[in-house]
Amino acid sequence: MTHKRIRGCLGIVLVTATYGTCALQQATLPAYSPVAIQSGIIRSWGDDAMRSTMTAWERVFRSYHPEITFQDTLLGTATSMAGIITSTSDLSLMGRPVTVNEVIGFEWVFRVKPLGIQVMNGSLLAEGKTPALAVFVSRSNPLHQLSMSQLAIILGCPANPKEPVTWAIAGAEGIWRNKRIHAFVYDNQTGTGAFLQQAIQGTKDCWNWEIVREFKDKTRHDGSAYPAAQQIVDALKHDLEGLAISTLSYTDPEIKALPLAGPGPAVPLTRETVTSSKYPLARGVYIYINRGKDKPVDPKVKEFLRFILSREGQVLVQNQGDFLPLNPTTAQEQQNKLE
């Protein structure tokens, strides 16, 4: 793999040729400006998929603040909130937003919600690295795009359960107008499934179980892994009149990913639409902290998060290769939460 220096939105950075031009839009992220802090330990629990990026952040941060040491216990996102709820960690590293139940548990102890800081975007297609979700249909399907509101109508609990769910809902004409939809998605008890349901349905905890079939990771008879994402695409290939929500890792010649419209116009799933926050089913990666009501953030934690959200911190995200960096607007919004 070759490397080159490019001048882009981050200034001059070393990136691999694979990435092409800088993914952080046109505006410039502010450079990190260190603030003196007292010595101490920053403890982290959570997502093991963030380990390499976290290690890079810690290494460079300690070049500014050698008085800080780190203690990481990264056993998975599911363990993350337990750390700050029991006060055995300072940072909860999560490859998804907190669930309602996790917030309830935290509030029961501290009488305040956890403070979530988005520190990077999920990947474009790397499994296990919070990949963005694509909406797939058969290549013979006449649709060229789909909106989030149409997805909510298709997948959500129907007003009239006896009324068939057909492609007419999405504006299909001709023979496709009356074809019935079957939908293949992630199990809503998984982190990916919970994100999907919240992104499409908001606070409604409801799928149309007449048409929706859920999948979660499993093991084949020969002992090999059979990821949910692949199962979902395989199900669509056996029912080409259906709809599948999976990842670009399992793109197939028989199917196509539809551009999605959210509040704005429909956009395809690309590296640029993920980093620009334009793609509706792009996913964020978060660090949650315990910020007491009307209290400032722990100075050493605040300083580390300031570094992560700076130009230097986001360059490290980009150079790690799978997760994608924040755009300057989002990075500034997250910085503002720390004040």
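Q: In what sense do strand 9 and strand 13 pair, and over how many bridges?
A: Start with the rule: two strands pair if DSSP finds at least two bridges between them. Strands (E, at least two residues) and helices (H or I, at least four) are DSSP runs, numbered from the N terminus. Here, strand 9 (residues 183–186) runs parallel to strand 13, with two bridges. Phe184 stands opposite Ala244 in strand 13.

Q: What kind of model is this, and how are residues numbered?
A: The model is predicted: local features need pLDDT of at least 70, side-chain atom pairs count only at pLDDT 80 or more, and totals for chains, interfaces and linings use all residues. Residues are numbered from 1 along each chain as its sequence is written, and side-chain values use heavy atoms, with hydrogens and water left out.

Q: In which sense does strand 7 pair with strand 13?
A: Strand 7 (residues 134–138) pairs with strand 13 in the antiparallel sense, over three bridges. Ala134 has Ser246 of strand 13 as its bridge partner.

Q: Which way do the residues of strand 13 point, and are they buried or exposed?
A: Buried means under 20% relative accessible area, exposed over 50%, and partly exposed in between (1.4 Å probe, protein chains only). In strand 13 (residues 243–246), Leu243 and Ile245 point one way. Ala244 and Ser246 point the other way, and all are buried.

Q: What is the strand order of the open sheet?
A: Five strands form it, in the order 4-3-5-16-6, with mixed pairing. The edges are strand 4 (68–73) and strand 6 (115–121), each of which pairs on one side only. From one strand to the next, the twist averages 25°. Strand 16 (residues 284–289) and strand 6 are antiparallel over six bridges. Gly116 has Tyr288 of strand 16 as its bridge partner.

Q: Which strands does helix 1 touch?
A: Contact means heavy atoms within 4.5 Å. For angles, axes are lines fitted to C-alpha atoms, for helices over the stretch in contact, and the angle runs from 0 to 180 degrees between N-to-C directions. Helix 1 (residues 51–64) packs on the sheet and touches strand 3 (40–46), strand 4, strand 5 (91–94) and strand 6. The directions of helix 1 and strand 4 make about 170°.

Q: Where is Thr130 found?
A: Thr130 is in the loop between strand 6 and strand 7. Thr130 counts as buried because its relative accessibility is 6%. The residues it touches, not counting those up to four places away in sequence, include Gly95, Arg283 and Phe323.

Q: What is the volume of the largest pocket?
A: Rolling a probe the size of a water molecule over the atoms shows where empty space is left. On a 1 Å grid over the protein atoms alone, with a 1.4 Å probe, a pocket is an open set of points with protein on both sides within 12 Å along at least five of seven lines; lining residues have an atom within 4 Å of a point. Grid points are joined across faces, edges and corners, and a volume is the space filled by probe spheres set on the points. The largest pocket has about 670 Å³. Its lining has 19 residues, with Thr99, Val100, Asn101, Ala194 and Gln198 nearest the centre. Helix 5 gives the largest share, five residues.

Q: How many residues line the second largest pocket?
A: The second largest pocket is lined by 26 residues and holds about 510 Å³. Nearest its centre are Gly128, Gly191, Thr192, Asp217 and Arg283.
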